[in-house]
Each structure stands twice: as structure tokens, then as C-alpha cells.
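Have the structure open while you read.

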Amino acid sequence: MTGPVPSPAVLDDVDVAAVHQWLADRSEDLVDDLVAYTERETPSDDTALLAAGLSHVEGWLGDRLGRPRSKAHHESADHGDVLVLEYDGAGDVAGRGVLTVLAHYDTVWGAGTLAEWPVRIDGDRLTGPGVFDMKAGLVQAVWAVRALRAAGLPHPPLRLLLNGDEEIGSPFSRPLIEKASADAAAVLVFEASADGALKTARKGVGLFDVHVRGVESHAGLEPAAGASAIDEIARVVRTLHAATDLDEGTTVNVGVLRGGTRSNVMAGAAEAEVDVRVASTAAEARIDELLGSLRPHDPRAAITVHGGWNRPAMERGPAIAAMYALVRRAGERLGVELAETSVGGASDGNFAAAMGRPVLDGLGAVGDGAHARHEYVSIAGMVERTAVAAGVITAFTHP
């Protein structure tokens with residue numbers, strides 16, 4: 001059973017400030033948990049390190065939240081495994097249904113990065129590979145639940161999904177994410193914030209390869225006998241780039257080109273790697289139509305398109321707007337004004353939003369530097385956003 005997103009007014013009776021103080025008194029524990037987690041390298045392309053990292057997380061979750069009601073471990077031969085843990089609700093639950101929490105444990109940082117870039121703390125800043133994207137988010141989610149239990153505040157049944165392939169597009173975990181989200185009252189995504197703002201819209205991402213087959217011939221002796229794949233791919237690039245519409249929120253970028261064998265040979269083959277970002281399903285349909293309409297200038301050549309949409313667009317509909325209103329009220333209870341924003345990057349929240357589920361994304365760390373060497377999180381921001389998350393979670397126990 002799932003119900004509508006609760007009214008922000010239900011938080012008027014929740015002492016979010018007291019939850020914040022409890023967490024502030026234990027900020028060193030949050031930091032210790034994040035440091036221990038970050039010091040387990042979990043690059044997306046190393047299944048052995050991913051397995052070790054997930055094992056650490058599962059043990060830590062047992063220490064922090066206790067034994068789950070149920071556990072499903074989905075093994076992948078080529079990517080990080082997926083772990084789905086179900087926790088019973090605690091306290092007076094309103095029957096809205098389960099809250100699904102999404103948190104990927106893989107990072108973009110390769111094995112050995114810690115040797116040259118160890119975890120460091122400098123005042124309020126904690127830096128290290130993966131702290132911002134998104135290891136701090138999982139720590140915050142877990143401590144939000146701990147804080148509610150310590151305060152005697154109820155929380156609904158929780159479903160925690162951990163996946164190890166988000167940074168490479170979630171090829172293995174996508175159907176599991178969709179299954180875990182299908183019956184959820186809401187889906188909380190503990191990805192990092194964007195300059196402190198919640199992410200209420202994300203672009204969809206399409207990854208396509210355009211292949212052209214031409215006809216080879218001697219460029220000097222028999223130029224007319226050939227059909228240049230290079231010429232064809234150049235025309236395709238111009239057509240695709242012309243489809244960019246910044247007002248619509250659509251970008252089309254040919255980032256990689258390959259083709260030909262020798263300068264004196266009419267190219268027999270060429271290919272382009274294309275990245276597409278769209279803000280709506282309507283724009284997605286427009287790009288699909290364009291790709292399907294590509295035809296060679298020379299009828300002796302042939303064009304084929306491979307690939308597809310890695311993630312659908314996350315549009316700010318009424319359900320997401322209601323989630324933002326709820327989190328904003330939780331922030332107000334702390335005297336914090338939480339902004340919202342739309343971003344070009346995608347997350348696993350895109351999948352849940354495309355299914356019509358209420359999604360709250362960017363609930364994780366405050367900091368900067370995703371995928372960059374200056375990646376860091378604010379420790380005070382961790383405490384603040386953990387308290388905010390606790391408010392959102394307990395709100396789902398109110399009628």
C-alpha cells in the first residue's frame with residue numbers, strides 16, 4: 001500500500017533541531033564511519049575490490065542498524081553485486097508503504113588512488129576518493145535512521161539497495177532498482193547535493209554509436225569509384241550537432257570519431273560515439289526520430305545506429321515537487337533554506353522517477369568535486385543533511 005507524499009505540516013510536530021543536536025554530539029562517529037568506508041577502494045571496474053567493499057558495508061550496516069528482516073544478494077559476473085536489505089518499520093507506522101533508499105558503493109577512482117590521495121581531514125573538510133560521490137550519502141542515510149530510533153521517533157519500513165555499477169550506467173542493477181522502486185511510497189537517493197541544493201530534475205542520457213560503411217577506392221586514381229565513409233560521418237556530425245537545443249535542455253555531442261585507413265584511400269568505414277542529454281521524454285522522442293532518419297548522402301554507403309537511452313529523464317512533476325516541499329520544511333525546522341536545482345548528470349533516481357514514483361535526489365553530502373581531485377565533504381553539512389533526512393523519513397509515518 002502506498003499513499004501520497006505527506007504534507008510538510010506533519011513536520012511541525014517533529015523536533016528536527018533535537019535530532020540535529022544528537023547527531024552533532026556524535027559527529028566524530030559519522031566521520032569515523034566515512035573514513036573507514038572510503039579507505040575501502042571500490043572502483044567500478046574491479047569486481048574483487050567491489051566485493052570486499054560491499055562486504056565491509058554489510059558488516060557495518062549490521063553494527064549500525066541491526067539485522068535486516070530480509071536480505072537479497074544479487075551476484076554479477078562482470079559488475080559489482082547488488083545488495084537489497086529490508087528493515088521493519090519502528091514505531092507508529094501509517095501504512096504508507098516502504099521507503100526505498102538508493103546508494104551506490106562504486107566510485108570512478110581506480111585501484112591504488114588512495115596511495116597517492118589518502119583520506120584527510122582539514123577542519124570541516126573531509127577529502128578522499130569517493131567521499132562526495134557518494135560514500136558520505138550512505139553514512140548519512142544510516143545515521144538518520146539511528147537518530148530517529150534514539151529519539152523514539154518512528155520510521156516506516158525501509159528498503160536499502162546498494163549497487164556497484166552506477167558510475168558505468170547501472171547495466172546490471174537497473175532492473176533491480178526498478179523492482180525495488182515499483183511499490184515504494186517514495187524513493188530517497190542519497191547522491192550528493194549540487195552546491196547544497198536538492199536535485200529535483202535530471203537529464204536523461206543517451207549513448208549511441210553511429211557506424212558508416214563506405215566503399216574503398218584509390219583516392220587519386222579512382223576517386224569516383226569510392227564512397228567515403230569519412231564524408232558521410234562528417235555530414236552525420238553536422239546533423240547531430242544541429243539537434244542541440246539549449247532552450248529545450250537538449251545537448252548532442254559527438255565526442256569520439258574514428259575512420260579510414262590511409263590518406264590515399266577513400267574511407268571504407270567510420271564511426272562516431274555520441275552523448276545525448278535531454279530534459280524531457282518529448283525531447284527523447286525527437287532525438288530517436290532524428291537518429292532513425294539518418295540516411296547516407298551517397299546511396300552506396302550505409303548508416304547504422306547502435307546504443308540507446310542509458311537513463312530516462314527525471315522530470316519535475318507533482319510527486320517530485322511534493323517531495324521537495326517536504327524536505328524544504330525539514331530544513332526550515334533547522335533554520336536552513338534548502339534550494340532545488342536541475343542538473344545535466346543522471347542517477348539511479350532517474351529510473352524510479354520514470355516509473356512515476358516520488359523521488360528525492362541529492363539528499364546526500366554537502367561539498368564539491370565529484371569525479372575530481374578536490375572532492376570533499378563538509379562535516380557540518382553531513383550532520384545537517386542527516387538531520388534533514390531523518391525528518392523526511394519520519395514524515396512518512398504520519399497519516
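Where is the place of Glu167? Look in the loop between strand S6 (158-163) and helix H6 (174-182). Before going on, some ground rules: this is a predicted model, in which local features need pLDDT of at least 70 and side-chain atom pairs count only at pLDDT 80 or more, while totals for chains, interfaces and linings use all residues. Residues are numbered from 1 along each chain as its sequence is written, and side-chain values use heavy atoms, with hydrogens and water left out. As for the labels, helices (H or I, at least four residues) and strands (E, at least two) are DSSP runs, numbered from the N terminus.

Back to Glu167. Setting aside neighbours within four places in sequence, Glu167 is in contact (heavy atoms within 4.5 Å) with Ser44, His104, Asp106, Thr107, Val108, Asp133 and His371. Phe132 sits 35 residues from Glu167 in sequence, and the C-alpha to C-alpha distance between the two is 13 Å.

That loop between S6 and H6 also holds Ser170. Ser170 is not a glycine, yet its phi is positive, about 55°. Is Ser170 buried or exposed? Its relative accessibility is 1%, so Ser170 counts as buried (buried means under 20% relative accessible area, exposed over 50%, partly exposed in between, with a 1.4 Å probe and protein chains only). Asp195, another non-glycine, has a positive phi of about 55°. Asp195 is found in the loop between strand S7 (186-189) and strand S8 (198-202), and with a relative accessible area of 74% it is exposed.

One more backbone detail: the peptide bond joining Asp133 and Met134 is cis, with omega about -5°. Met134 belongs to helix H5. Asp133 has already come up, as one of the contacts of Glu167.

Now for the helices. Two packed helices are described by the angle between their axes and the distance between the axes. Here the axes are lines fitted to C-alpha atoms, for helices over the stretch in contact, and angles run from 0 to 180 degrees between N-to-C directions. Start with helix H2 (residues 27-38), whose axis comes within 10 Å of that of H5 and crosses it at roughly 135°. H2 and H5 are therefore oblique to each other (angles under 35 degrees count as roughly parallel, over 145 as roughly antiparallel, 65 to 115 as roughly perpendicular and the rest as oblique). On the H2 side the contact uses Asp29, Leu30, Asp33, Leu34, Tyr37 and Thr38, and they meet Val131, Lys135, Ala136, Leu138, Val139 and Trp143 in H5. By class, the residues of this contact are eight nonpolar, one polar and three charged (Ala, Val, Leu, Ile, Met, Phe, Trp, Tyr, Cys and Pro count as nonpolar, Asp, Glu, Lys and Arg as charged, and the others, Gly among them, as polar).

H2 also packs against H11, at an angle of about 105° and with the axes 10 Å apart. That makes H2 roughly perpendicular to H11. Ser27, Leu30, Val31 and Leu34 in H2 meet Ile379, Met382, Val383 and Thr386 in H11, a contact with six nonpolar, two polar and no charged residues.

Helix H1 (residues 16-24) packs with H11 (residues 379-395) too: the angle is about 135° and the axes are 9 Å apart. That makes H1 oblique to H11, and their crossing is right-handed. Val16, Val19, His20, Leu23 and Ala24 in H1 meet Val383, Glu384, Thr386, Ala387 and Ala390 in H11. This contact divides into seven nonpolar, two polar and one charged.

Key:
Left-handed = near helix turned anticlockwise from the far one by under 90°.
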